[in-house]
Amino acid sequence: MSKKLKDSNLEVHTDGGIHGSHENKIAMRDLLNDKGPGFCLAKWTQVTMHLGQGLTHSCHHPVAHKIPLDELKENPSALHNTSFKKSIRKEMLNGGRPTECDFCWRIEDNTGEFSDRTLKSLDAYSVHDHDSIVSMSGDEDVIPKYVEVSFSNVCNLKCSYCGPSFSSNWIEEIATHGAYELTDNKYNGITDVQYKDSEDNPYTDAFWQWFPEASASMHTFRITGGEPLMSKHTFKVMEYLLANPNPNLDFAVNSNACVPDKLWKKFTTLSNELLQTKSVKGINLFVSAESVEEQAEYSRYGMDWNMFTENVEYFLDNVDGARVTFMAAFNVFSIPSFKKLLEYVLFLKQSYNGNGLAEWFEECGLNISYTYQDKFMTPIFKDRPRAEWSNRVAIDIPYVRHPKFLDANIITLALVQDYLYPAAEFMYKNTTTDGWDDGLGFLANESLKLRRILIDILQNIKDQTAPDNTTTNQSISAKRVDFVKFVNEYDIRRNLNFLETFPEMKEFYRICELECKKNETVNENQQ
Ligand code: SF4
């Protein structure tokens, strides 16, 4: 007989909420291990589906697999319940550790950290389903609580670190010019088969058969792309939710925030209607930027920085209570202007986030004209109804490791000194104190992400710089060689100029060229 939630040491609040405390993580890991060393609730509760290619995976870590059309014909819930996924669930229920989940096994076996198996199982969208899942056979069709969907790869941008699977503009470039030829590989040579008119295909048909029933019990529904606002299905979902409210649903959309004005206004209006009519619990818009101005426009080709900032602020001004999270995919092109991006995010936080404690102090008769009020209080802050203030603007800093040549760990100590360290220092100087000035600066967990990146990069530099400033680390050297190859070709194809756009990286580029010469010499000597 497997243990149930009540048999575990999990601390559950009276409102049913579960805190992600260290003690609760230990309790959840023990509870999962009671069923099996590979048992993970996310295999049932979470799904990411790519409808343009007909792929699904649970969670997002394992490689996505094809949804068989014959299974879908009989049963639209095969979008999440393929026979393959059911076989993996059975493996978990019977004490196995499925190979496709090696992302978690590497963490569990090689570090003292908790893997996503524990973290995702502890999350609010999973934990309450534990008792029903633990007694399943694995053959059941289940409705996931956390759903991420890409309707197609249609996108008006072609960012440097993206590719044909996620951008139709990238497909056009590769079709015209071919893949980027790098040292040992071709970058973005694979063009996944997408439905030509991927807006309408058997997978989106199945989605619309499945969604009405499934959405009623969802915790989070997030649309990704391509660019979601270029898809009619995004607006159809929003209109559906207006007509069929789910006040418990967190609705989220990823966007490049650079779509035609008409689409942005329509999206803003519908978002506001959804919130004001309480048709959903919350709206979180995830916008992508990891540098500013012309450097952002270089890396995120097709972006217009001014349009981006105007759209973000228009959304915040017109959808009271919605959250905007900056997804800063940190890469080598982020280095010189990342601090400026942080300054902009801080400005938005101070303009749109709030702090109920400060107002309550005033209500109690305290004169709180102390530093942080002077620093943080803005006219917008004062005018907003308090309930909607808290933490409307946030930043997440995922670290780009692929493509390898854009991994920021290829930079030099001089770039760390001049740009990365000051950015991290700025973030920490403006990190708020939990329970005091929350939301008005960076949160501790936001700053921690940049600190980790800084440390990771320094570990690749320390004791590995040769007298001519090249690196003694072969893997970094190879990445720098590919960086030069990529940038040179990127500039030609897109009529850009790296050195003019990134004057701060001139010396770095020279060192990368030196790495190329060194590598050529080594190769010649070996022949
Ligand atoms: S075990 Fe890890 S990789 Fe597998 S579904 Fe759970 S969280 Fe995802």
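The following legends describe several close-up views of one predicted protein model.

**Figure 1. Confidence of the predicted model.** The model is predicted, and local features require a pLDDT of at least 70, side-chain atom pairs count only at pLDDT 80 or more, and totals for chains, interfaces and linings use all residues. Residues are numbered from 1 along each chain as its sequence is written. The pLDDT is the predictor's confidence in each residue, from 0 to 100. The protein averages a pLDDT of 91, and 94% of the residues score at least 70. Over residues 370–382 the pLDDT is below 50, although this stretch has 14 contacts in the model beyond near neighbours in sequence. Two residues are in contact if their C-beta atoms, placed from the backbone, lie within 7 Å. Where pLDDT is low, the predicted coordinates should not be read in detail.

**Figure 2. The shell around the ligand.** A residue is near a molecule or strand if its C-beta atom, placed from the backbone, lies within 6 Å of it. The ligand is surrounded by 14 residues, of which Cys40, Cys59, Cys101, Cys104 and Asp116 are the closest. Helices (H or I, at least four residues) and strands (E, at least two) are DSSP runs, numbered from the N terminus. At least two residues of the shell come from each of helix 2 (42–45), helix 5 (102–110) and helix 6 (116–122). Helix 6 gives the most, with 3 residues. By residue class, the shell holds 7 nonpolar, 3 polar and 4 charged residues. Here Ala, Val, Leu, Ile, Met, Phe, Trp, Tyr, Cys and Pro count as nonpolar, Asp, Glu, Lys and Arg as charged, and the others, Gly among them, as polar.

**Figure 3. Strand 1 and its two partners.** A residue is buried if 20 or more other C-beta atoms lie within 10 Å of its own, exposed if 12 or fewer, and partly exposed in between, with C-beta atoms placed from the backbone. In strand 1 (residues 46–50), 5 of 5 residues are buried. Gln46, Thr48 and His50 point one way from the strand, whereas Val47 and Met49 point the other way. Two strands pair if DSSP finds at least two bridges between them. Strand 1 pairs with strand 4 (residues 146–150) in the parallel sense over 5 bridges, and Val47 stands opposite Val147. With strand 2 (residues 55–57), strand 1 pairs in the antiparallel sense over 3 bridges, and Met49 stands opposite Thr56. The hairpin of strand 1 and strand 2 has 4 residues between the strands, and Gly54 takes a positive phi near 70 degrees there.

Figure 4. Strand 8 (residues 220–224) and strand 9 (residues 246–255) run parallel and are joined by 4 bridges.

**Figure 5. Two cis peptide bonds.** The bond from Gly225 to Gly226 is cis, with omega near 5 degrees. Gly226 has its place in the loop between strand 8 and helix 10 (232–243). The bond from His402 to Pro403 is also cis, with omega near 0 degrees. Pro403 is found in the loop between strand 13 and helix 18 (413–429).

Figure 6. The protein is divided into domain 1 (5–141), domain 2 (151–327) and domain 3 (474–526), with bounds that come from an automatic or database domain assignment. The C-alpha centres of domain 2 and domain 3 lie 32 Å apart. The contact takes 11 residues from domain 2 and 12 residues from domain 3. On the side of domain 2, helix 8 (168–177) and helix 12 (293–299) are the elements that give two or more residues. The largest share of that side, 3 residues, comes from helix 12.

Figure 7. Glu293, found in helix 12, has a positive phi of about 50 degrees although it is not a glycine. Glu293 is partly exposed because 15 other C-beta atoms lie within 10 Å. Asn495, likewise not a glycine, has a positive phi of about 55 degrees. The loop between helix 20 (474–494) and helix 21 (498–501) holds Asn495. Asn495 is exposed, with 6 other C-beta atoms within 10 Å.
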